Amino acid sequence: KILILDFGSQVTQLIARRVREQSIYCEIHPYSMSFEKIKEFAPKGIILSGGPSSVYDKDAPHSDLGVFDLGLPVLGICYGMQLMTQQLGGKVERSDKREFGGSSLQLDDVSDLFAGFDGAADVWMSHGDRIEEMPAGFQVIAHTEHCPVAAMKDEKRHFYGVQFHPEVVHTPRGDEMFGNFLFNICGCEPTWTMANFIETEIESIRRKVGTGRVLCALSGGVDSSVVAVLIHKAIGDQLHCVFVNNGLLRKGEAEKVVNLFSKHFRINLDYVDASDRFLEKLSGVSDPETKRKIIGNEFIYLFEEEAKKIGKVDYLAQGTLYPDVIESVSTKGPSAVIKSHHNVGGLPEKMNLKLLEPVRELFKDEVRLLGKELGMPDEVIYRQPFPGPGLAIRCIGELSRENLDILREADAIVIDEIRKAGLYREIWQSFAVLLPVKTVGVMGDARTYENTVALRAVNSLDGMTADWVKLPYELLGSISSRIINEVKGVNRVVYDISQKPPATIEWE
Ligand code: XMP
C-alpha cells in the first residue's frame with residue numbers, strides 16, 4: 001500500500017484515485033502524520049501532495065524529516081517536490097509569477113519514472129515557486145521551456161520530484177507515470193481489486209459482528225444498497241433492513257426496492273409504508289426548512305419504532321464513503337447552514353448502536369464496481385443522487401397528493417427521455433420540479449389554466465458546485481411535449497439554467 005501525505009492541494013483525492021486505478025491500495029493522511037504512525041502504516045512508498053503554500057511561508061506545512069530515512073521511495077508532487085528540495089538541502093526559488101496550464105515536458109531521461117515515453121509529454125502545471133538548486137544526489141529528468149527542473153530524481157535513494165500534476169486529466173499520460181512509480185520504483189503488486197476487497201471485507205464483517213445483529217436503513221441509493229448486499233453476503237439473516245416509503249419517492253421506486261432486496265437478494269426487509277403519515281405531517285407546510293425537519297424527524301421516529309420490533313440489534317450499517325472520512329488538510333471552513341440535509345447521521349448516537357461502515361475506505365466509483373461484482377443491476381449502481389426528503393423539496397410550496405402525483409409523472413418522463421438519449425449516466429442529476437405557478441394556455445379551442453414544470457439537469461463532481469447541462473434542443477423539445485401531452489394538469493415546461501452557486505441544485 002501507498003501513503004499519500006496531504007499538503008492541502010485541491011486535487012489530493014485525485015492522486016488516491018490514480019493510485020487505486022492501478023489496483024494498489026492507498027490512504028490519504030494529513031502531512032502532520034507522526035513518524036511513528038507512518039512506520040506503523042508500513043507503506044511501500046510515499047507520495048507528497050501539492051498544496052497552496054510556499055516553502056517560504058511562515059507556517060509552511062512540513063512533514064516529519066524521517067520520511068526520507070525509511071529507505072522508501074518518495075514522490076513529491078509540486079509543493080511536495082519543493083518541500084523535498086528544501087528539506088534535503090536544495091534551494092527553492094521564490095516567485096510571484098505563476099506558471100499555470102498545459103505545458104510540453106521535455107524528457108532528459110526515459111528510464112524508471114518515464115519508462116515507455118519517448119522524449120516528450122504534455123503535462124499540467126500550476127505553481128509559483130520552482131527549484132533553483134537540486135539537493136545533492138539529484139539529477140534533472142525533465143524540463144520545460146520555463147522550468148529547468150520540471151522533474152528530478154535521486155536514483156540511489158529512490159526519491160522523485162515532479163513540478164507538474166500527473167494526477168489531473170490534463171496530464172494525459174499521468175497514469176503511466178504513476179504506474180512506473182508504483183510498480184517499477186516501489187515494487188507494488190496490483191492486488192487491490194473488488195474481488196479481493198469483498199473477500200477480506202466479508203471476513204472482517206464476520207469477525208466484527210460475531211453472532212450479533214445488524215440494522216440497515218435502505219434508501220434505494222447506491223451506497224446503502226451496496227452495503228446491505230455486502231453485509232448480507234457476510235452474515236445472511238443477521239442483517240435486518242428497514243425501508244421507509246415516505247410517499248415522496250419517485251414512480252415505481254418502492255416496488256423496485258422491495259423486489260430487488262426481498263425477492264432477488266432474499267434479504268430480511270421491513271417495508272414500512274408511511275406515506276399517509278408523512279403527508280399528514282406535511283400538510284399546510286410550505287417552508288423548505290420546516291419540510292426538511294419534519295421529514296428528517298419523522299424518519300428517525302419511524303425507524304426507531306421498526307428497530308424496536310426487530311428486537312436487540314448491535315450494529316447500525318452505514319454507507320459512509322472515503323471522501324467523508326479523509327481528514328483533508330484543505331480547510332473547508334465553517335459554513336452557514338444552507339439546507340439541513342436529511343440522512344441517517346443522527347441515528348447511531350440516539351440509538352446507542354455501534355457503527356458498521358464496510359465501504360468507508362472506498363470512493364464512489366469503487367462502490368459502483370463493488371456493486372457490479374456483487375451482481376447488482378446497473379439501474380441501482382448508476383442511479384443519480386436523490387435527496388432524502390425526496391419529491392417534497394421538488395414540489396415547491398405546499399404539498400398535496402395530487403401535486404406529488406403530477407410531479408411523479410413528469411419526473412418519470414424526464415428520466416425516461418434522458419435515458420433514451422443515452423445521457424443518464426453522464427449527467428449528475430436530471431429531474432422535474434413542480435412550481436406553484438399556474439399559467440394560461442390553449443388546448444384545442446379551449447383556454448387552460450394549469451401548472452408549470454421546471455426541468456433541472458446539472459453536471460457536478462461532488463454536488464458542491466454545479467453547472468446546468470446544455471441538453472440538445474431536440475431532447476428538451478421531446479421532454480416538454482411529452483410532459484404537456486401526457487401529464488394531466490401541466491401546460492408549460494421551462495428549463496432551469498442556473499449555476500450553483502449562486503443557485504442550488506434542488507429548489508428547496
Ligand atoms: P443542493 O440543493 O444543496 O444539493 O445544491 C446538493 C446535492 O445534495 C443533494 N441533497 C440531499 N441529499 N439529503 C440528501 O441525501 C438531503 O436532504 C439533500 N438535499 C439535497 C442534492 O440532490 C444534490 O445532489
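Which strand gives the largest share of the lining of the second largest pocket? In this predicted model, that strand is strand 7, with three residues. The protein is divided into domain 1 (2–185), domain 2 (194–381) and domain 3 (394–495). The C-alpha centres of domain 2 and domain 3 lie 28 Å apart. Their contact takes 14 residues from domain 2 and 14 residues from domain 3.

Now the pocket itself. The second largest pocket has a volume of about 580 Å³. Its lining counts 29 residues. Gly51, Pro52, Arg98, Ser126 and His165 lie nearest the centre. Two elements give two or more residues to this lining: helix 3 (79–87) and strand 7 (120–127). By class, the lining holds 10 nonpolar, 15 polar and four charged residues. Where does the second largest pocket lie? Domain 1 and domain 2 both give residues to its lining, so the pocket lies between them.

Strand 7 leads on to the sheet. Nine strands make up an open sheet with mixed pairing. Their order is 2-1-3-4-11-10-9-6-7. Strand 2 (26–30) and strand 7 are the edge strands, and each pairs on one side only. Neighbouring strands of the sheet are turned by 25 degrees against each other on average, direction ignored.

Strand 6 (residues 99–107) and strand 7 run antiparallel, joined by eight bridges. Within this pair, Leu105 has Ala121 of strand 7 as its bridge partner.

Helices pack on this sheet. Helix 1 (residues 12–21) touches strand 1 (2–6), strand 2, strand 3 (45–48) and strand 4 (74–77). The direction of helix 1 makes about 160 degrees with that of strand 2. Helix 3 lies across strand 3, strand 4, strand 7, strand 10 (151–154) and strand 11 (159–162). Helix 3 runs at about 120 degrees to strand 4.

Rolling a probe the size of a water molecule over the atoms shows where empty space is left. How many cavities of 30 Å³ or more does the structure hold? There are two. The largest cavity has a volume of about 40 Å³. Leu75, Leu113, Val162, Pro166, Met177 and Phe178 line it. By class, that lining has six nonpolar residues, no polar and no charged.

The second largest cavity holds about 30 Å³ of space. Its lining is made of Arg250, Gln384, Pro385, Arg394, Asp411, Ile415, Gln429, Ser430 and Phe431. These residues divide into three nonpolar, three polar and three charged. Strand 17 gives the most, with three residues.

Strand 17 and strand 18 (residues 446–459) run antiparallel, with 13 bridges between them. In this pair, Ala432 stands opposite Leu455 in strand 18. The two strands form a hairpin with two residues between them. Gly444 in the turn has a positive phi of about 65 degrees.

What is the sense of its pairing with strand 20 (residues 490–495), parallel or antiparallel? Strand 18 and strand 20 pair in the parallel sense, over five bridges. Here Ala454 stands opposite Val494 in strand 20. Strand 19 (residues 467–468) runs antiparallel to strand 18 and is joined to it by two bridges. In that pairing, Val458 stands opposite Trp468 in strand 19.

Definitions and conventions: Residues numbered from 1 in each chain as written. Predicted model: local features only at pLDDT ≥ 70, side-chain atom pairs only at ≥ 80, totals over all residues. Heavy atoms only, no water. 1 Å grid on protein atoms, 1.4 Å probe; cavity = no way out; pocket = protein on both sides within 12 Å on 5 of 7 lines; lining within 4 Å. Points joined across faces, edges and corners; volume = space filled by probe spheres on them. Helix = DSSP H or I, 4+ residues; strand = E, 2+ residues; numbered from the N terminus. Nonpolar A, V, L, I, M, F, W, Y, C, P; charged D, E, K, R; others polar. Domains from an automatic or database assignment. Pairing = 2+ DSSP bridges. Axes fitted to C-alpha atoms, helices over the stretch in contact; angles between N-to-C directions. Contact = heavy atoms within 4.5 Å.
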